[in-house]
Amino acid sequence: MTNQALFAIGIFLVTYAFIISEKLHRTIVAMSGGILMVLFGIVTQEQAIHHIDFNTLGLLIGMMILVAITAQTGVFKYVAIRAAKVAQGKPIRILVYLSLITAIASAFLDNVTTVLLIVPVTFSIARQLQLNPIPFLISEIIASNAGGTATLIGDPPNIMIGSSVPELDFMKFLVNLSPIIVVILAVTVVCLVLIYRKQLVTSPELSAKIMQLNERDEITDSRLLKKSLTVMGLTIIGFMLHGALHLESATIALTGAFLLLLLTGEHYLEDAISKVEWNTIFFFIGLFVLVSGLVETGVIKQLATEAINLTGGDSLKTSLLILWLSAIASAFVDNIPFVATMIPMIKEMGALGITNLEPLWWSLALGACLGGNGTLIGASANVIVAGLASKEGYHIGFFSFMKIAFPLMILSILIAHVYVYLRYFIW
Amino acid sequence: MFHYTYNQEEIEINEHISQQDATYHIVVKSESMRARVKEVRRYFEGNKDYTDVLFFSREDGSFEVIVRHNMIESFLIHAFRFKCLKSICWE
């Protein structure tokens, strides 16, 4: 191994350790790691820029703009209150409906945005029913991570995989991942109901209070709502067709975002741009450059060779290794840097002789996204919800979350294990 | 403790303060006051604190506002700013 490779590994490991320790903001750490790769001459500036995946960044920015404008219409609050009323104010039904809404929304919007929209309404509904909101919040976290796994645009790991492997388009993600996510979600929600059923009891008077809410009043701007929903619908159709149209997913998302801005006018521009999570965007840029150091010095190739030696190059064993490794790793470390490291490794495995890479990609997506449910620090949505709960005086502790979520995560990975085995190696 | 007054011909406010939060049941008696209450709502829904002040509209046209304990003063100050209240003072 060359000195350059050793330097690259050193920078990578130190950066990773700082990201995990959360002593410094992860964006500062990732950018610093990336800059060190360039300063030490491990990659040139041109190589670093070449490794930044602008498709991932464009897709994230486009969707963030679309959601920022749509959120202003009040549509998400409308849907949540409507669901609570359809559930007739009964807490168990509300938990099921809010979990399903969160999962569906997370499949098309990013998970953090989804929980930021659904959690305040959940607090309100729980307060109206005089219930502890924690069962609802934990269900929403789990549903959000599960729902995000179902599509190319639902969760950053999928965005990164879809962006790196052009043949895996939106429809392929939907066809390969959504059926198993439906099963996992159904099993998980049933388990959550069984776990929390004793806490989800309220009086008929309090349930009746929910029925008095006027959800129509939540729609603050019906003209904007029509425009937003039309453009959102067109964007989703665009994602479904992007493979056939030979357009990258970022092109679709940015077209949707700027079409909506074109329709709404410039007074929405500044607010929408300010709501883009630039921290996350720069975190991605830092990671892409950080991993480029490992790619350019041959470290990734070496790791892929070792993994193939371990599994004997067998596609099934490699898929299942990736599934479980990704799940366990993503439960404890941020799944974005993990996936950023795994993508070049899987590509290298292809170059080293594994002919059918598709099961490996689906295993990575399932493991990395569902693994985020394992602990409170496994995914950004988990941390955000815990933060909001703590502001409200409800503490979701690391271990109290893990006690519920980790077994459910293992159960979901077991289901995914059976699915990968049956769908890609038996049928 | 914060004390506030309002014009009873335009608005009726019932306050219930618990250990965790305060709930205000607001009945508006004119469309201009409804617009002002909605201004307050827009202000709090537009900030980056997602659970500070939660507004609900009821089928009978009244509002229920749930305010986190540490935000009560801020809520009342903004209700005053948007002319939903006549006066506010420390007692």
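Modeller: Let us begin with A:Gln130, which sits in the loop between H7 and helix H8 (134–148) of chain A. Helices (H or I, at least four residues) and strands (E, at least two) are DSSP runs, numbered from the N terminus. The model is a predicted one, in which local features need pLDDT of at least 70 and side-chain atom pairs count only at pLDDT 80 or more, while totals for chains, interfaces and linings use all residues. Residues are numbered from 1 along each chain as its sequence is written, and chains are lettered from A and ligands numbered from 1 in the order in which they are written.

Colleague: Which residues touch the most other members of the largest nonpolar core?

Modeller: They are A:Val339 and A:Leu364, in a core of 161 residues. A nonpolar core is a set of buried Ala, Val, Leu, Ile, Met, Phe, Trp, Tyr and Cys residues joined through C-beta atoms within 7 Å. Contact between two residues likewise requires C-beta atoms, placed from the backbone, within 7 Å. Apart from neighbours within four places in sequence, A:Leu364 is in contact with residues including A:Ile161, A:Ile322, A:Val339 and A:Ile346.

Colleague: What does UniProt place at residues 16–367 of chain A?

Modeller: The unreviewed UniProt entry gives the feature "domain: Citrate transporter-like" there. UniProt positions follow the numbering used here, feature names are shortened, and annotations may be inferred rather than shown by experiment. In the model, residues 16–367 of chain A are 77% helix and 0% strand.

Colleague: What makes the sheet of chain B an open one, and which strands form its edges?

Modeller: Four strands follow the order S2-S3-S5-S4 in chain B, with antiparallel pairing. Strand S2 (11–17) and strand S4 (53–57) of chain B are the edge strands, each pairing on one side only. Neighbouring strands are turned by 15 degrees against each other on average, direction ignored. Two strands pair if DSSP finds at least two bridges between them. Strand S3 (residues 21–28) and strand S5 (residues 63–68) of chain B are joined by six bridges, while S4(B) and S5(B) are joined by five. In S5(B), B:Val67 is the bridge partner of B:Ala22, and B:Val53 also stands opposite B:Val67.

Colleague: How do you know that S5(B) is mostly covered?

Modeller: Six of its six residues are buried. B:Phe63, B:Val65 and B:Val67 lie on one side, and B:Glu64, B:Ile66 and B:Arg68 on the other. Helix H1 (residues 31–46) of chain B lies across S2, S3, S4 and S5 of chain B, at about 150 degrees to S3(B). Such angles run from 0 to 180 degrees between N-to-C directions, and axes are lines fitted to C-alpha atoms, for helices over the stretch in contact.

Colleague: How many residues of each chain are in contact with the other?

Modeller: 14 residues of chain A are in contact with 10 residues of chain B. On the side of chain A that touches chain B, H7 and helix H20 (380–391) each supply at least two residues. H7(A) gives the largest share, six residues.

Colleague: Why does the radius of gyration of chain B agree with a compact globule?

Modeller: The radius is taken over C-alpha atoms, and the globule rule is 2.2 Å times the number of residues to the power 0.38. For 91 residues the rule gives a value near 12 Å, and chain B has 12 Å, so the two agree. The C-alpha trace of chain B spans about 30 × 30 × 20 Å along its principal axes, and 30% of its 91 residues count as buried.

Notes
A residue is buried if 20 or more other C-beta atoms lie within 10 Å of its own, exposed if 12 or fewer, and partly exposed in between; C-beta atoms are placed from the backbone.
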